[in-house]
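Okay everyone, thanks for coming. Let me put the model up, and then I'll talk you through a few spots in it.

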Amino acid sequence: MAIPITVLDCDLLLYGRGHRTLDRFKLDDVTDEYLMSMYGFPRQFIYYLVELLGANLSRPTQRSRAISPETQILAALGFYTSGSFQTRMGDAIGISQASMSRCVANVTEALVERASQFIRFPADEASIQALKDEFYGLAGMPGVMGVVDCIHVAIKAPNAEDLSYVNRKGLHSLNCLMVCDIRGALMTVETNWPGSLQDCAVLQQSSLSSQFEAGMHKDSWLLGDSAFFLHTWLMTPLHIPETPAEYRYNMAHSATHSVIEKTFRTLCSRFRCLDGSKGALQYSPEKSSHIILACCVLHNISLEHGMDVWSSPMTGPMEQPPEEEYEHMESLDLEADRIRQELMLTHFS
């Protein structure tokens, strides 16, 4: 006689059949201090996310007990900000670790779908000029509409044979290209590049490079560090400054570029799933890439809601593979070199 096999729902075992949705945890029943300590964000911000993502998170399901959008968002925020599927996180909102994982996946995809809404370059000339004016006011560097850099995020090894994700420190990672404005708001994020690629190779193959090479942002440039090649649209520091103007240029460049270094520290401080302190992201490169992008979307949304990018406690930047030196970089593009020389002569002499 065949014995019927029953598939058990972890949440059903824990909580029975009393409700169709898991909504026992009520935001109004806890303090803002508790929400900040457990999920990293205040009550009104969480309510906004419920309104923003609710339709995506209420999609029809074959499961007997759908988890409410509010609970899914709390589960995802708990993971993003702690980097762990700890049992206490699931217990706090009344779901199992398996359900925690599904919630993170659902919320991540909903945020990724909205990435272009919150991560973008300004389109109108007035906003672009405002960017330039703000950067100029910081350290006297003219024409800058953003600063660019790459950051590595550790991931689990995709498989033993795939070495494309092994960075120069022998760790598996994604090399993520980002551009931010003076407030730390991200204007470009590309999170899908294998860790073996050097920063200059990532930029060369990126859609960001294609946009600037096509002349989409004329009369403007980005600032990048010595890991990148000099371009007409990308100003890098001089490898060996010799004149007072060159020293002043490098000092202004460093002071301006430090904005993205602060932004990286803030991202890794606010979203501990990115900083490696809890280990590598235990997902495929594609899913890990989406988690990183989702955190970047949340970073920008938090800025729009008045949460100062520099207000999070800074625990130091995620350890990065050492940059290579490119002593030959400055002679690769004669037109770019001419622009940089003219910039130093006009503004730093």
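**A walk through the fold**

Let's start with Phe-41, which is buried, with a relative accessible area of 0%. Buried here means under 20% relative accessible area, while exposed means over 50% and partly exposed is in between, using a 1.4 Å probe and protein chains only. Before I go further, this is a predicted model: local features need pLDDT of at least 70, side-chain atom pairs count only at pLDDT 80 or more, and totals for chains, interfaces and linings use all residues. Residues are numbered from 1 along each chain as its sequence is written, and side-chain values use heavy atoms, with hydrogens and water left out.

Back to Phe-41. You'll find Phe-41 in the loop between α2 (32-39) and α3 (43-57). Helices (H or I, at least four residues) and strands (E, at least two) are DSSP runs, numbered from the N terminus. So what does Phe-41 touch, not counting residues up to four places away in sequence? The partners are Leu-35, Met-36, Ile-46, Leu-77, Thr-81, Arg-270, Phe-271, Ser-302 and Met-307, where contact means heavy atoms within 4.5 Å. Take Thr-81: Phe-41 and Thr-81 are 40 residues apart in sequence, but 9.2 Å apart in space, C-alpha to C-alpha.

Now follow the chain of contacts to Leu-77. Leaving aside its neighbours within four places in sequence, Leu-77 is in contact with Tyr-39, Phe-41, Ile-46, Leu-49 and Leu-298.

In soluble globular proteins, nonpolar side chains tend to be buried together. The largest one has 79 residues, and Leu-77, Tyr-80, Met-178 and Leu-281 touch the most other members. Which helix gives the most to this core? That's α12 (residues 285-304), with 9 residues. The core also draws at least three residues from each of domain 1 (32-56 + 67-116) and domain 2 (119-307 + 331-348); those bounds come from an automatic or database domain assignment. There's a second, separate core of 18 residues, and Val-179, Met-187, Val-202 and Leu-203 are among them.

Val-179 takes us to the strands. Val-179 stands opposite Thr-188 in β3. Strand β2 (residues 173-180) pairs with β3 in the antiparallel sense over 6 bridges, and pairing requires that DSSP finds at least two bridges between the strands. The two form a hairpin with 5 residues between them, and Gly-184 in the turn has a positive phi of about 95°. As for β3 (residues 186-194), 8 of its 9 residues are buried.

Gln-72 is in helix α4 (residues 69-82). Is Gln-72 buried or exposed? At 4% relative accessibility, Gln-72 counts as buried. Its side chain reaches the backbone oxygen of Ile-67 at 2.8 Å. Setting aside residues up to four places away in sequence, Gln-72 touches Leu-57, Ile-67, Cys-103, Asn-106 and Val-107.

One more stop: His-217, in the loop between α10 (207-213) and β4 (221-223). His-217 is buried as well, with a relative accessible area of 11%.

And the whole chain, to finish. We have 13 helices and 5 strands, and 52% of the 349 residues count as buried.

Key: Core = buried A, V, L, I, M, F, W, Y, C linked by side-chain atoms within 4.5 Å. Polar contact = N/O pair within 3.5 Å; in protein donor to acceptor, adjacent residues only side chain to side chain.
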